[in-house]
Amino acid sequence: MKSTLDRRTFVKLTASASGALIAGVYLQSCGSEMVPATIHEFSPLIKIDTDGWVTLIAKNPEIGQGIKTALPMIMAEELGADWDKVKVVQGDFDEAYEEQWAGGSYAIVLNWDLMRTAAAKVRHVLLQAASKKMSKKVSELSTIKGKVLHSKSGEALPFETLLLEASKLPLPETVEFKPTDSFEIVGKNTPQVDLGQLVNGETKFSIDVKLPGMVYATVLKNPVFEGGVGEYDDTEARMVNGVIDIVELDNTAYGGRLLGPNSPNFVNGIAVLANSTWSAFKGAGKLDVVWDTSGSRKENTDGIFERFNLQLTSTAIERKDGDIHRARKTEASNFEAVYQVPFLAHIPMEPMNCTVDFRADLCEVWAPTQNPKALQEGLIKLFGLKPEQIKIHLPRVGGAFGRRYYVDYAMDTAILSKKIGKPVKLTWTREEDIQHDWYRPASIQKMVASLDESGMVTGWQHILANASRKTCLGREGRPAGTEIDEYEFPAGFVPDLQFEYGHVMSDVPLGQWRAVGLSATVFAIHSFLSELAILNKMDPIDYFLKFLGPARMVPVVGDDEFDAGRLIEVVQKVRHNSNWDIPLPKGKGRGFAATKLSGSFVAEVVTVSVDENENVTILRVDAVVDCGIVVNLSGAKAQVEGGILEGLSAALYGEVTVKNGAAEQSNFHDYRWIRMDEAPEIHVEFIANNLPPRGLGEPPLPPAAPALANAIFAASGKRIRKLPILSTK
Amino acid sequence: MPSYTLTINATKRTVSADSDTPLLWILRDNLGLTGTKYGCGKGICGTCTVHYNGNAVRSCALPITSVLEGNIVTIEGLSEKENHSVQQAWMELDVPQCGYCQSGQIMAAVDLLSKNENPTDKDINAAMQGMLCRCGTYSRIRKAIHLAANKRNK
Ligand code: FES
Ligand code: FES
C-alpha cells in the first residue's frame with residue numbers, strides 16, 4: 001500500500017507489538033500464535049485493526065475530569081463501535097487534534113461536534129464499503145456494536161471485514177450525525193478506561209517519569225512575590241550526598257513574563273540538581289539565602305483588603321441597565337451587604353513537576369499540564385525553537401483545578417535540561433506549590449438592592465473590588481481586567497441594574513481557579529438573595545423563583561440569552577429532592593443556591609446542623625444539574641461530587657493569607673481541606689434531555705459556598721459574609 | 001553511601017542510600033515503585049501510604065533505617081492483577097478521579113478491613129481521616145470500603 005490514502009497509512013504490527021503499544025489500556029488476547037494484525041488509520045483519532053479492535057486517541061489532557069473516557073465514548077457512539085472492543089490511547093500534543101486543552105469546562109462543549117464529525121466520516125466509508133459488499137443501499141444500513149447492519153434482512157458485516165475497501169474511499173467533507181435518541185454508549189454509566197492501572201499503581205503520572213541518565217531537581221524560590229534571588233551560599237548544599245549542581249533561575253535573564261498579560265512568569269529562585277529527588281530536596285534545605293525583596297510591595301492581607309474596600313467607591317461601570325439611582329429613591333426600601341472572599345490555592349494532589357529532555361534536535365517534554373499549547377508557545381519564545389522541534393507528552397495529571405493552565409514549572413525544567421545537557425525531572429515540594437501558586441483572586445463585593453412594596457428587587461447594584469487575575473502580576477502599565485462580567489447574573493432579570501469594578505494593584509500572583517470569577521461572585525449573589533428573602537419573611541426558594549419570573553428566554557448580552565425555564569426546573573427539582581418544605585428541628589437548617597455556568601444549570605441545597613459551640617456539620621447535599629446530554633453518567637456524577645466538595649472545602653477552610661509579601665501557608669497543615677469525616681453524602685440528579693452537552697467541571701462549584709452559608713443561617717441565625725467560615729487568621 | 005537490604009513485596013531488594021532517606025524516595029527513585037506517591041512529605045496527606053508488617057504507615061516519614069527488619073508491601077504488591085477485594089470494589093464503583101491519592105487510599109482501606117471486618121461509617125471516618133483526596137472521592141471511597149467488606153464476608 002502506498003501513502004496516497006489521505007492520511008491513512010497501513011501500519012503493520014505484530015499482535016504482541018500492538019498489544020504492547022496499548023498495554024496501558026487493554027491487553028489483547030493473542031493466543032499462542034503471534035498473528036500479525038493490520039491497523040488501518042482512518043484519521044489521526046481513529047484506527048481499526050483486522051482483529052476488530054477500534055483504537056481511539058484521547059487527545060485532551062486527563063486531569064481527573066474523565067475526559068480520557070468521555071471523548072472516546074462520543075467517537076465510539078458515532079462510529080457504532082463496540083465499547084468492549086475499543087482501546088483508548090492518550091494522544092501527545094498535536095496541532096492536528098484541535099482544542100487540546102483542559103479549562104473553563106469547555107472540553108465536551110468544544111469537542112462534541114469535533115468527535116462526532118471525525119467518527120461519522122469513518123462510519124460513512126464503512127457503510128459505503130458494506131453497501132458494495134452486501135449489495136444494499138447505504139440508506140438501509142447502520143452501524144452498531146462494531147458491525148454494519150442491514151436491519152431489514154438482519155445481515156451484518158463486522159468492521160474488520162470492511163477495512164481494505166473502506167480505507168480506499170475518501171472521507172466525506174460533510175457528514176450527518178446519528179440521532180441522539182439512538183445512543184447506545186453516550187449517557188451510560190461507564191467506568192473510566194484506566195481503572196485497572198489506577199488501582200494497581202501502574203499508571204504513570206508525569207511525576208513518575210524516569211529517563212535513562214535523568215537528573216532530579218527541585219527549586220527554592222523567593223517566597224516574597226516579585227522578589228529576586230539576592231545573595232546565597234551553597235557550600236553546604238553542595239556537600240549533600242548526591243547533589244550535582246546548583247543553578248540560579250533568574251526571571252529577568254530569561255525574558256521575564258513570557259506569554260502576555262494572562263500568562264506565567266518565572267519566579268526567581270535557585271535550582272538544585274541531584275541524583276535523586278531526596279538529595280535535591282535536602283540540598284535545597286541547606287541553601288543559605290538572603291532573598292532580595294527590594295522589588296516587592298511587602299503586602300499584608302489586611303492592607304490588601306483595606307485597599308479593596310477603598311476601591312469600592314472608585315470603580316468603572318461594567319454594565320448599566322436603566323438607572324439604579326431612580327430605583328434607590330422611589331422604592332419602598334433599600335438594602336445592602338458586603339461580602340469578602342480570600343485568596344485560594346489550587347493544591348492539586350500531584351505537586352508541580354515536569355520532565356524535559358532538551359536535545360540538539362528535539363525538546364521532549366512530559367508535563368502535567370492543562371495547556372500544552374501554552375507550553376509549546378513558551379518553549380518557542382524562550383529558546384527560539386520551531387514547533388517541529390518540540391514534542392509534548394501528556395501523562396495523566398494528578399489534579400489541576402486551573403493551576404496547570406500556567407506552565408512556569410515546565411519552563412524552569414526546560415532551562416535546566418538545556419543548561420546541563422541531560423534529561424531533568426523537576427519536582428516542587430508541596431511548600432513551593434502552595435507558596436508559588438496563581439491564586440484565586442480575593443475580593444470584596446458590595447451588593448445594594450432596591451425593593452418594591454412586595455419586597456421584590458427592582459434595582460440591583462453589584463460592586464466588586466480586587467486585584468484581577470487578568471492583570472497577572474498586577475504591575476503598573478498593564479491593563480486592568482475586570483472580575484465582574486457584563487453577563488453576570490442577574491443581568492437581564494432586573495430593570496435597573498449596575499455592575500461596577502474597582503481594580504487594585506498587587507504583587508500576589510493570580511490565576512484561574514475552578515469556576516474562576518463565579519467562585520467569588522455567586523457567593524455574594526446567592527447569599528444576598530437569601531438575605532433579601534429573609535428580610536421579606538419569604539422562603540428563599542419561593543423568593544428566588546419569584547425573582548426569576550416566568551420561564552422564558554431572557555436577553556443578556558448581544559444574542560446571548562438566559563433560558564430561565566431550565567434554571568426554574570433544576571430549582572424545583574432540588575426543592576423536591578432535598579425535602580426543602582419539610583421543617584427541620586432546631587439546630588438544623590437548609591440553604592439554597594443556584595447558577596448557570598458554561599451553559600449548564602445547577603441548583604443545590606445544603607443541609608447542616610450547628611451545635612451550641614457553633615460547630616458546623618454538613619449533613620447532606622442535593623444537586624440537580626441540567627448540562628444537556630450527559631456523556632458518561634459515572635464521570636459526570638464524579639464531577640458534580642468533586643465540584644461541590646471543592647466549593648464546600650474552600651468555604652470552610654480555604655485561605656491564603658499574605659504577610660510581608662509572601663504567602664503564610666505552606667502545606668496541608670495550614671492549608672486545610674475537607675477530609676473523609678467531614679464529607680457529606682451528595683445526591684445528584686441530572687435532567688434528561690437531548691440538548692447538546694455543556695460544561696460540567698465548574699458549574700457545580702459556585703453554589704456550594706452560598707448554599708452552605710445560607711444553611712448555617714437557617715440552623716443558627718448566624719450570617720456568614722466573609723469566607724472562609726472557619727478562618728484561623 | 002551505605003547499602004541496605006529491604007523486604008518489599010516479598011522480595012529482598014538492596015539499595016545504596018543515605019541513612020535518612022525516607023522509604024518513599026527509595027521506593028520511587030531507587031526501585032521504580034512509583035505507585036506510592038509524594039503529596040506533602042510531612043505525614044499529613046497519606047498519598048505515600050504503604051504497609052509495614054501489616055500496618056498502614058506513611059512512607060515519607062520513615063527513614064530507610066527504620067524499616068529494615070520487617071515486610072513492606074506497596075500497592076504494586078497488593079495483589080496479582082488487581083484482584084484484591086478492595087481493588088475490585090474500587091473498580092466497581094469507579095472511585096478515582098485524578099487517581100493520584102488512590103494508592104494510598106487503597107492501602108489504608110486494606111489496613112482498616114484487616115483489623116475490622118465490618119466497619120461502620122464512623123470507623124471509616126476515623127481510619128481514613130488522614131487520607132486527603134483533593135478531588136473529593138470520599139463518598140465513593142466510603143461506599144467502596146463497605147462493598148469490599150461485603151465481598152469478603154460473603
Ligand atoms: S506524602 Fe507522606 S503523608 Fe503526604
Ligand atoms: S482522586 Fe485526585 S486526589 Fe484523590
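**From chain B into chain A**

Analyst: This is a predicted model, and chain B reads β-β-α-β-β-β-α-α-α-α along its sequence. The radius of gyration of chain B is 15 Å, close to the 15 Å from the globule rule for 154 residues, so chain B is as compact as a globular protein of that length. Counted up, that pattern gives chain B 5 helices and 5 strands. Along the principal axes, its C-alpha atoms fill a box of roughly 45 × 30 × 25 Å. Some 58% of the 154 residues of chain B count as buried. Looking at contacts in chain B with a separation of 6 or more, 61% involve residues 24 or more positions apart.

Now to where the chains meet. Chain A puts 48 residues into the contact and chain B puts in 45. On the side of chain A that touches chain B, the elements giving two or more residues are α5 (195-200), α7 (277-285), α16 (633-652) and β30 (681-686).

As for chain A itself, its secondary structure comes to 17 helices and 30 strands. A compact globule of 729 residues would have a radius of gyration near 27 Å, and the 28 Å of chain A agrees with that. The C-alpha atoms of chain A take up a box of roughly 80 × 75 × 45 Å along the principal axes. Buried residues account for 56% of the 729 in chain A, and 77% of its contacts with a separation of 6 or more join residues 24 or more positions apart.

Here's a helix pair to zoom in on. Helix α13 (residues 518-535) and helix α17 (residues 704-716), both of chain A, pack at an angle of about 30 degrees, with their axes 8 Å apart. That angle makes α13(A) roughly parallel to α17(A), and the crossing is right-handed. From α13(A), the residues involved are Val522(A), Phe523(A), His526(A), Ser527(A) and Ser530(A), and they meet Ala705(A), Pro706(A), Ala709(A) and Asn710(A) in α17(A). The contact of these helices has 5 nonpolar, 4 polar and no charged residues.

Next, a few backbone spots. Most residues other than glycine have a negative phi, and most peptide bonds are trans. The bond from Phe489(A) to Pro490(A) is cis, with omega near 5 degrees, and Pro490(A) sits in the loop between β21 (457-466) and β22 (496-503) of chain A. Another cis bond runs from Leu723(A) to Pro724(A), with omega near 0 degrees; Pro724(A) is in the segment after α17 of chain A.

Positive phi turns up too. Lys145(A) has phi near 50 degrees and lies in the loop between β6 (141-144) and β7 (147-150) of chain A. With 16 other C-beta atoms within 10 Å, Lys145(A) is partly exposed. Ser598(A) also has phi near 50 degrees, and belongs to the loop between β25 (588-597) and β26 (600-610) of chain A. Ser598(A) counts as partly exposed, with 19 C-beta neighbours inside 10 Å.

One last stop is Ala96(A), in the loop between β5 (86-90) and α3 (107-134) of chain A. Ala96(A) is exposed, with 11 other C-beta atoms within 10 Å. Its C-alpha atom is separated by 9.6 Å from that of Leu45(A), 51 residues apart along the chain.

Notes. Residues numbered from 1 in each chain as written. Chains lettered and ligands numbered in written order. Predicted model: local features only at pLDDT ≥ 70, side-chain atom pairs only at ≥ 80, totals over all residues. Helix = DSSP H or I, 4+ residues; strand = E, 2+ residues; numbered from the N terminus. Rg over C-alpha atoms; globule rule 2.2 N^0.38 Å. Buried ≥ 20, exposed ≤ 12 C-beta atoms within 10 Å, placed from the backbone. Contact = placed C-beta atoms within 7 Å. Axes fitted to C-alpha atoms, helices over the stretch in contact; angles between N-to-C directions. Parallel < 35°, antiparallel > 145°, perpendicular 65-115°, else oblique. Left-handed = near helix turned anticlockwise from the far one by under 90°. Nonpolar A, V, L, I, M, F, W, Y, C, P; charged D, E, K, R; others polar.
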